[in-house]
Amino acid sequence: ERKEEFYLTSSEDEVIDRAYHAVLKDHPELFWEDGSEVTYTESAQTFEIYASKTFTNEEIRAYEKQLDEITQPIMDHVAKLSNDFEKVRYIYDYLIDETSYNENSVHNQTILSVFLYRSSVCAGYAKSMQYLLNKAGIPCTYLWGKTTYADEEHAWNMIKLNDHYYYLDATNGD
């Protein structure tokens with residue numbers, strides 16, 4: 001509903017913080033909320049959460065319309081494919097072919113960077129993969145953390161395909 005304030009019941013602010021950020025990781029379509037400015041106020045075991053949005057409601061609606069216009073042809077093509085592996089491969093190739101890695105890209109932690117500006121970092125790639133695969137009905141999770149090949153944080157995905165789980169990293173594929 002894009003409310004700036006909402007309430008959750010818990011006795012532990014760490015649980016609330018973890019739940020709030022988990023929702024953001026599970027929903028890349030919430031591109032307007034980056035989780036950077038969150039305020040928790042406790043009152044009788046109810047936490048009021050104030051989360052600043054990076055865009056106005058009008059801007060959000062305009063971006064959502066652009067996202068729909070850009071992603072609908074992708075999803076129309078995906079719907080014609082015969083199996084989930086082909087769908088994953090098409091979306092993976094699309095993101096790699098249409099996006100360039102750029103740490104200075106606009107809104108690079110969101111799906112906007114990939115679909116509108118065609119330039120992103122690992123978070124944008126992974127959230128865009130999650131966004132499209134979930135729209136295609138293929139379970140996809142956003143993962144982040146340290147990897148064995150780098151000292152810095154990285155984002156990638158885990159997908160469920162034919163009852164098996166696989167890691168998928170469009171950033172490194174690019």
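Predicted model: local features only at pLDDT ≥ 70, side-chain atom pairs only at ≥ 80, totals over all residues.
Asp68 touches Tyr131 and Lys135, when residues up to four places away in sequence are not counted; contact here means heavy atoms within 4.5 Å. Asp68 is found in helix H2. Helices are DSSP runs of H or I with at least four residues, strands are DSSP runs of E with at least two, and both are numbered from the N terminus. Buried means under 20% relative accessible area, exposed means over 50%, and partly exposed lies in between, with a 1.4 Å probe and protein chains only. A separation of 9.9 Å lies between the C-alpha atoms of Asp68 and Phe115, which are 47 residues apart along the chain.

Residues are numbered from 1 along each chain as its sequence is written, and side-chain values use heavy atoms, with hydrogens and water left out.

Let me now describe the protein as a whole. The protein has six helices and eight strands, and along the sequence they follow the pattern β-α-β-β-α-α-β-α-β-α-β-β-β-α. Of its 174 residues, 40% count as buried. Among the contacts with a separation of 6 or more, 46% come from residues 24 or more positions apart.

I return to helix H2 and its partners. Two packed helices are described by the angle between their axes and the distance between the axes. The axes of H2 (residues 57–80) and H5 (residues 122–135) come within 11 Å and cross at roughly 60°. That makes H2 oblique to H5, since angles under 35 degrees count as roughly parallel, over 145 as roughly antiparallel, 65 to 115 as roughly perpendicular, and the rest as oblique. The axes themselves are lines fitted to C-alpha atoms, for helices over the stretch in contact, and angles run from 0 to 180 degrees between N-to-C directions. H2 passes H5 in a right-handed crossing; a crossing is right-handed if the near helix is turned clockwise from the far one by less than a right angle, and left-handed if anticlockwise.

Which residues of H2 meet Tyr131, Leu132 and Lys135 in H5? They are Leu67, Asp68, Thr71, Ile74 and Met75. By class, this contact of H2 with H5 has five nonpolar, one polar and two charged residues. Here Ala, Val, Leu, Ile, Met, Phe, Trp, Tyr, Cys and Pro count as nonpolar, Asp, Glu, Lys and Arg as charged, and the others, Gly among them, as polar.

Helix H2 also packs with H3: their axes come within 10 Å and cross at roughly 145°, and this crossing too is right-handed. From H2, Ile70, Ile74, His77 and Val78 meet Lys87, Tyr90, Ile91 and Tyr94 in H3. The residues of this contact divide into six nonpolar, one polar and one charged.

The next topic is the sheet. Three strands form an open sheet in the order S6-S7-S8, with antiparallel pairing; two strands pair if DSSP finds at least two bridges between them. Strands S6 (140–147) and S8 (164–168) stand at the edges with a single partner strand each, so one side of each is left without a neighbour in the sheet. From one strand to the next, the twist averages 30°. Helix H3 (residues 84–98) packs on the sheet and touches S7 and S8, and its direction makes about 150° with that of S7.

Strand S7 (residues 150–161) pairs with S8 over five bridges. Within this pairing, Leu161 has His164 as its bridge partner, and Asn157 stands opposite Leu168. In strand S6 we find Thr147, which counts as buried at 17% relative accessibility. Leaving aside neighbours within four places in sequence, Thr147 is in contact with His154 and Trp156.

Finally, I turn to backbone angles. Most residues other than glycine have a negative phi. S7 and S8 form a hairpin with two residues between them, and Asn162 in the turn has a positive phi of about 55°. Asp163 lies in the loop between S7 and S8 and has a positive phi of about 65° although it is not a glycine. At 66% relative accessibility, Asp163 counts as exposed. His107, in the loop between S4 (100–101) and H4 (111–115), has a positive phi near 50° and is partly exposed, with a relative accessible area of 28%.
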